[in-house]
Amino acid sequence: MTLDHPIFARWPARHPDRLQLFSLPTPNGVKIGIMLEETGLTYEAHRIDIMADESREPAFLALNPNGKIPAIYDPDGPSGAPLALFESGAILLYLADKTGRFISSDPNTRYETIQWVMWQMGGVGPMFGQVGFFNKFAGKDYKDKRPRDRYATESVRLLGVLDNRLAGRDWVMGADYSIADISLLGWVRNLIGFYEARELVGFDRFLHVQAWFNRGLARPAVQRGLEVTATNRGE
């Protein structure tokens, strides 16, 4: 079996019968690694070095014209036709539907779960990412701290929304772990770890978020998923 897509001229598939993941362990990238490990789907992972602009190469742009990770190529897509897909939220939803896991079949609960994934995509990701830029990366040298403080304040608000949601719940959707949790774990992890913003946002006051986060990290599939594409891996 060979895969007929330009991406494979640059990143050949050793296992063309498997779902192909193109990613890096960023907060968005680890979502898909975690989901694949949680579902047990067989896959082949390809590390895309965004610092070397590999996501801007023509072969990658043929898969994702937006030039961002993660992206997937599923040789066994809907109706048996291959499917190339980008945007981490869309990929999470696709994999949930493909496996029948981590999203409810009840329509009301399903759309509520999607609502929280969209909340992460539209709010948590962009705001936490800006905190990272202004707190740790190039923006930290800006003398004017108003941009940093603006994004930190909004991140605190979002953490408060999540904390309220998790009061009396183990997971975002209650008793059932879902793609809503998977979408958020990597972002919270980066905010208080890699972005060094734990004190800036007063993370320790959000007790429900802390308990949820610890439950998530305790899942073996989450630990494995955080390491997917840390190095090239084909097995």
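Ground rules, then. This is a predicted model, where local features need pLDDT of at least 70, side-chain atom pairs count only at pLDDT 80 or more, and totals for chains, interfaces and linings use all residues. Residues are numbered from 1 along each chain as its sequence is written, and side-chain values use heavy atoms, with hydrogens and water left out.

Salt bridges to begin. The term means a side-chain nitrogen of Lys or Arg within 4 Å of a carboxyl oxygen of Asp or Glu. Searching the whole structure gives 13 of them.

Take Arg224 and Glu37. Their closest N and O atoms are 2.7 Å apart. Arg224 is in helix H9, residues 220–225, and Glu37 is in helix H2, residues 29–39. That pair links distant parts of the chain, 187 residues apart. A word on helices and strands: they are DSSP runs, helices being H or I with at least four residues, strands being E with at least two, numbered from the N terminus.

How accessible are these two side chains? Arg224 is partly exposed, at 41% relative accessible area. Glu37 is buried, at 13%. The cut-offs: buried is under 20% relative accessible area, exposed is over 50%, partly exposed is in between, with a 1.4 Å probe and protein chains only.

Next, Glu38 and Arg219. Their salt bridge is 2.8 Å, N to O. Glu38 lies in H2, and Arg219 sits in the loop between helix H8 (207–217) and H9, so this pair ties together parts 181 residues apart in sequence. Glu38 counts as buried at 10% relative accessibility. Arg219 is partly exposed at 23%.

Arg198 is partly exposed, at 32%. Asp204 is partly exposed as well, at 45%.

There is also a network: salt bridges link Arg10, Glu54 and Glu57.

Now the helix crossing. Two packed helices are described by the angle between their axes and the distance between the axes. Here the helices are H4, residues 88–99, and H7, residues 179–192. Their axes come within 10 Å and cross at roughly 145 degrees. Axes are lines fitted to C-alpha atoms, for helices over the stretch in contact, and angles run from 0 to 180 degrees between N-to-C directions.

Which residues make the contact? From H4, Leu92, Leu93 and Ala96; from H7, Ile179, Ile182 and Ser183. Contact means heavy atoms within 4.5 Å. By class, that is 5 nonpolar, 1 polar and no charged residues. Nonpolar covers Ala, Val, Leu, Ile, Met, Phe, Trp, Tyr, Cys and Pro; charged covers Asp, Glu, Lys and Arg; the others, Gly among them, are polar.

On to the record. An unreviewed UniProt entry annotates residues 16–103 as "domain: GST N-terminal". Over residues 16–103 the chain is 33% helix and 20% strand. The end C-alpha atoms are 28 Å apart.

Gly29 lies in H2, with a relative accessible area of 5%. Its C-alpha atom is 6.4 Å from that of Ile69, 40 residues apart along the chain. Leaving aside neighbours within four places in sequence, Gly29 is in contact with Ser23, Leu24, Ile69 and Pro70.

Gln120 is found in helix H5, residues 107–135. Gln120 is buried, at 0%. The residues that Gln120 touches include Asn28, Lys31, Ser183 and Trp187.

Definitions and conventions
UniProt positions are given in the numbering used here, feature names are shortened, and annotations may be inferred rather than shown by experiment.
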